[in-house]
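Here is a short walk through one structure, feature by feature. Have the view open as you read.

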Amino acid sequence: AQIEEELWEEEFIERCFQEMLEEEEEHEWFIPARDLPQTMDQIQDQFNDLVISDSSSLEDLVVKSNLNPNAKEFVPGVKYLNI
């Protein structure tokens, strides 16, 4: 009975490993060496793509803002009660 139980355990573990391998093959894994930019130039190019606008239209953004200028300053981790 003990040997039979050990054989069942081995088979179960083998199936688990097989499932893990199949899952790994299904997913596209993030590989830093392949997926991250390699040079400062490439990083700079990506950063430049993130720049939204120049300063003149930034001022327009602030003027057209519909945020409440009298709102309390947001402090992370502090809950405000609406009274």
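Q: How many salt bridges does the structure hold?
A: Side chains of opposite charge can pair when their charged atoms come close. A salt bridge here is a side-chain nitrogen of Lys or Arg within 4 Å of a carboxyl oxygen of Asp or Glu. The structure holds one. Its partners are the side chains of Arg15 and Glu11, at 3.8 Å from N to O.

Q: What kind of model is this, and what is counted?
A: This is a predicted model: local features need pLDDT of at least 70, side-chain atom pairs count only at pLDDT 80 or more, and totals for chains, interfaces and linings use all residues. Residues are numbered from 1 along each chain as its sequence is written, and side-chain values use heavy atoms, with hydrogens and water left out.

Q: Where do Arg15 and Glu11 sit along helix H1?
A: Helices (H or I, at least four residues) and strands (E, at least two) are DSSP runs, numbered from the N terminus. Arg15 and Glu11 are about one helical turn apart, because four residues separate them in helix H1.

Q: Which residues form the surface patches?
A: Patches are made of residues with over 30% relative accessible area and no salt bridge; like charges are joined within 9 Å, nonpolar side chains (Val, Leu, Ile, Met, Phe, Trp, Tyr) within 5 Å. Phe12, Ile13, Phe17 and Met20 make a nonpolar patch of about 420 Å². Areas come from the Shrake-Rupley method with a 1.4 Å probe; for residues, only the protein chains shown count as cover. Phe12 lies in helix H1, residues 2-26, and is partly exposed at 48%.

Q: What is the overall fold pattern of the protein chain?
A: The pattern is α-α-α-α. The chain has four helices and zero strands. Of its 83 residues, 0% count as buried.

Q: Where is confidence lowest, and where highest?
A: pLDDT is the predictor's confidence in each residue, from 0 to 100. Where pLDDT is low, the predicted coordinates should not be read in detail. Helix H4 (residues 55-63) is lowest, at a mean of 64, and H1 is highest, at 89. The chain averages 77.

Conventions. Buried < 20%, exposed > 50% of the residue type's maximum accessible area, 1.4 Å probe, protein only.
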